[in-house]
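Dear colleague,

Please find below the structure I am handing over to you, together with its sequence. My findings follow directly after it.

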Amino acid sequence: MDNHRATREDPAPSVLPPSAALQALVRGDLAALAHRRRLRMLGFGVLGLALVAALALRTTHTSPAAGSLAFTVALIGFGACGLCLAGLAFGLTLPTGRRLRPVVALGIGVGLSLLGLMGSADPAHAVPLSHGGGCLLMGVGVSLGLFGLAVAFGRPVLRRHAPTGLLLGVGAGLMGLIPLHVGCPVLSLGHLLLWHGLVLGVTGGVAGLIWARVAPP
């Protein structure tokens, strides 16, 4: 009687595991998608870095810190962190969307830390905090251009269940800081943290709104 009752309460599963052929087909599709993502990310990375390098070389001003160790480390850090965030948006790693949101905040934190590394608290370098609108406009303009380039390259393969717009926006913002810092003649810590730092937040927010409208269904 007890055995019969247990059988009725715990029926055998009605869903069979997928066949080996189906599993192989799914693995093949995932491998093909991963390959496409790598190629598209490579294309964006090469063209994006070439664009910021060209802009940096054509700038009409040169930062007083150019050539210093802190300046070089910061520029490399901006490029590397920007590409890492873009790679997450392209789906080159596996964390879920919920786990990626703190990564966006981490990217902004790293960017601000690198800005602090470059800045000077010496009163001789102080400038009015209001003298930074041009830097903000330039940085956001370049960064949104990079964001558009990333979307153009990756739209068919960009992650849909992740904060893709934020990842690409902050990543493009970090890359956009490269020509901005090469051309900015100001070393004031307040100027860099405020106006250059705002590039990351503004670009990330605008990119998130744009992606919400243009993302594939």
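In this predicted model, helix 5 passes helix 7 in a right-handed crossing. The axes of helix 5 (residues 133-154) and helix 7 (residues 189-214) cross at roughly 35 degrees and come within 9 Å. On the side of helix 5, the residues making the contact include Gly139, Val140, Ser143, Leu144, Phe147 and Val151; helix 7 contributes, among others, Trp195, Val199, Val202, Thr203, Val206, Ile210 and Trp211. Sorted by class, this contact comprises 14 nonpolar and six polar residues, with no charged residues.

Apart from neighbours within four places in sequence, Phe147 is in contact with Gly165, Leu168, Gly169, Ala172, Ala207, Ile210 and Trp211. Phe147 is also listed, with Phe44, Phe78, Phe90, Leu167, Leu168 and Leu177, as having the most contacts inside the largest nonpolar core, which has 50 residues. Two or more residues of this core come from each of helix 2 (20-58), helix 3 (69-89), helix 4 (97-118), helix 5, helix 6 and helix 7. The most is given by helix 6, with ten residues.

Helix 6 (residues 164-183) also holds Thr164. Is Thr164 buried or exposed? Thr164 counts as buried because its relative accessibility is 0%, where the cut-off for buried is under 20%. A polar atom of the Thr164 side chain lies 2.5 Å from the backbone oxygen of Arg159. Not counting residues up to four places away in sequence, Thr164 touches Ala89, Leu158, Arg159 and Trp211.

With kind regards

Key:
Residues numbered from 1 in each chain as written. Predicted model: local features only at pLDDT ≥ 70, side-chain atom pairs only at ≥ 80, totals over all residues. Heavy atoms only, no water. Axes fitted to C-alpha atoms, helices over the stretch in contact; angles between N-to-C directions. Helix = DSSP H or I, 4+ residues; strand = E, 2+ residues; numbered from the N terminus. Left-handed = near helix turned anticlockwise from the far one by under 90°. Contact = heavy atoms within 4.5 Å. Nonpolar A, V, L, I, M, F, W, Y, C, P; charged D, E, K, R; others polar. Buried < 20%, exposed > 50% of the residue type's maximum accessible area, 1.4 Å probe, protein only. Polar contact = N/O pair within 3.5 Å; in protein donor to acceptor, adjacent residues only side chain to side chain. Core = buried A, V, L, I, M, F, W, Y, C linked by side-chain atoms within 4.5 Å.
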